[in-house]
Amino acid sequence: MDVDAWITVAVLAAAFAMLAWDRLAPSAVVLTAAVTLLVTDVITTQQALSGFSNPAPITVAALYVLARAAEKTSLLTPLAARLLGEGRTRRDLARLLAPTAAASALLNNTPLVAMLTPDIVALTQRRGLSASRFLMPLSFAAILGGTITVLGTSTNLVVSGLLQDLGEAPFGLFEVTPVAAPAAVAGLVVLIGFAWRLVPDRSTVQQQAQEAVQEFVVSMVVLPDGPLAGRRVGDTELVGRRTVYLAEVIRGDRTLSPVDLDLELEGDDRLVFVGEVGEVVGLYRVAGLTSSSQQLFESVARPGHGLYVAVVGRSSPMAGHTLADVGFAARYQAVVLAIHRDGQRVTEAPRDVRFRPGDALLVLADQQFSSNWSERRDFLLIAELGAAPPHMSRRAPFVAAITLAMVGVAAVGWLSILEASLMAAGALVATGTLTANEVRDAIDFDVIVLIASSFALGAAVEMTGLASRLADAIIGVFEVFGPVGIIFGLLVAVTLLTELVTNNAAVVVVFPIAVAVAGTVGIDLRAMAVAIAVAASCSFLTPIGYQTNTIVYGPGGYRFFDYARVGLPLNLTVISVVTAMVAIS
């Protein structure tokens with residue numbers, strides 16, 4: 001290999017390592033890799049920027065807007081309650097999963113799962129069921145359904161854009177369906193048949209909330225004639241403790257949170273402390289404080305304030321940082337009471353924990369917390385504990401009509417998918433269904449930049465000859481099994497890479513390799529493109545390979561390796577069906 005090829009290998013290895021490490025935003029990692037390849041003259045400026053002029057990122061952005069309209073109008077709110085049934089048999093599971101997969105074919109699957117997860121948790125709690133039995137299958141069904149059309153997942157749009165870069169026509173709306181639909185059906189059969197036994201029964205964050213709050217929250221009252229009354233908070237021994245901190249001050253009907261160090265305490269102020277139960281004893285020795293009898297769950301879930309579950313995503317600015325690093329209390333006007341990771345509550349004090357993607361935070365905040373942050377990339381999911389499900393808006397039928405119109409005009413070829421999605425997004429704004437600010441907040445720019453930047457990585461793999469070398473290596477290993485074995489081996493490589501990095505980064509890097517394999521073995525290029533698009537989307541082995549898996553990870557109380565119990569047979573099923581469909585095409 002020449003110098004450019006070695007530079008590309010080094011840059012890709014470093015990028016993949018950083019993506020797997022999960023401490024930096026994926027977009028920042030991939031963009032840095034693209035810039036490095038540009039400044040080292042491995043790729044040209046045109047190649048480095050090709051993704052930003054490709055239709056794929058813009059189409060994905062428009063579909064985010066459509067999904068936001070569906071969420072705002074609660075278009076799918078009735079879905080969970082009507083389809084879950086009693087939730088006690090495989091038939092009930094099938095009634096939920098099949099429509100979820102169908103809906104994911106038309107709406108981006110990530111916001112779809114985010115919309116349904118709180119409803120599933122609430123319904124299962126009311127019926128005495130375990131939410132873990134449904135949330136992971138829900139995520140997997142949404143992933144499977146998202147592969148059926150080009151609209152369901154950004155990966156299909158990325159591969160369509162890569163084909164255009166080669167001078168090929170983009171994917172038609174249903175071009176992936178002959179391969180993806182049989183794989184999705186087979187995957188749903190496996191889910192319905194085996195998930196009921198393989199998915200573990202876990203306690204959700206909500207089910208552990210009361211215990212967590214009672215352990216972490218202690219309420220004390222300032223004595224009216226005591227030494228603390230009239231003193232500034234920052235001048236007392238109430239602050240500066242390592243494992244116990246003052247979360248809020250309740251003064252009559254007012255709640256002061258976060259607590260300003262300049263706040264002057266008054267008699268009968270109720271102080272809510274958060275910390276390790278073993279360290280709370282010291283508070284009883286502070287002169288001027290007395291114990292409050294209201295140390296129950298309801299005392300912090302009072303009107304005006306509520307408890308929320310917030311899930312940290314891979315692109316969140318919190319990932320890899322502590323509460324102090326991000327200034328959590330000041331930024332979010334909220335207090336973290338407990339952190340759940342890998343199905344269990346983290347025993348360290350919240351202030352000392354360095355967040356990871358998938359962490360579920362039990363948060364005490366005011367009623368604006370969800371509306372202020374649900375559309376930002378800080379959290380993949382925000383669900384209020386005990387909140388009533390939203391009612392479907394009168395505009396929901398209009399959003400449904402816009403969605404069906406977009407699908408219709410794209411399917412018959414009157415407009416391209418890009419044009420149809422932009423027209424749909426424009427109609428939502430023009431009719432006042434969404435405001436300009438809501439459109440801005442709906443678009444996950446981290447994903448958009450990631451997709452656009454990753455095209456540069458694919459260009460480097462192709463231009464340096466790495467694609468042909470890796471294709472030869474794959475063929476050399478699997479040629480004994482014939483073309484079917486080669487396709488199967490390539491798809492296995494794609495799925496494993498997706499679990500380590502992101503689906504979009506994985507498919508862009510593997511695409512030129514797949515093109516080389518298709519040319520050498522004599523497989524139809526478009527069929528191979530469809531195959532790697534489906535395989536890259538099907539991330540079932542870990543909670544961090546795909547965003548929908550991360551969304552349900554914390555709320556479902558899952559442990560890391562719970563995913564592989566169901567995901568491994570599901571992955572093998574999907575890859576086998578896709579391989580067979582491509583081989584006979």
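Me: What do α19 and α22 bring to their contact?
Reply: From α19 come V447, I451, S454, F455, L457, G458, V461 and E462, and they meet N504, A505, V508, V509, P512 and I513 of α22; contact here means heavy atoms within 4.5 Å. By class, that contact has 10 nonpolar residues, 3 polar and 1 charged. Bear in mind that this is a predicted model, where local features need pLDDT of at least 70, side-chain atom pairs count only at pLDDT 80 or more, and totals for chains, interfaces and linings use all residues. Numbering starts from 1 along each chain as its sequence is written, and side-chain values use heavy atoms, with hydrogens and water left out.

Me: Why is α19 called roughly parallel to α22?
Reply: Helix α19 (residues 445–463) and helix α22 (residues 503–521) pack at about 25 degrees, their axes 8 Å apart. Angles under 35 degrees count as roughly parallel (over 145 is roughly antiparallel, 65 to 115 roughly perpendicular, the rest oblique), so α19 is roughly parallel to α22. As for handedness, α19 passes α22 in a right-handed crossing, the clockwise case, with the near helix turned from the far one by less than a right angle.

Me: What makes D225 exposed?
Reply: Its relative accessible area is 79%, and exposed means over 50% (buried is under 20%, partly exposed in between; 1.4 Å probe, protein chains only). So D225 counts as exposed. D225 sits in the loop between β1 (217–222) and β2 (244–251).

Me: How much of the chain counts as buried?
Reply: Of its 585 residues, 58% do.

Notes:
Axes are lines fitted to C-alpha atoms, for helices over the stretch in contact, and angles run from 0 to 180 degrees between N-to-C directions. Helices (H or I, at least four residues) and strands (E, at least two) are DSSP runs, numbered from the N terminus. Ala, Val, Leu, Ile, Met, Phe, Trp, Tyr, Cys and Pro count as nonpolar, Asp, Glu, Lys and Arg as charged, and the others, Gly among them, as polar.
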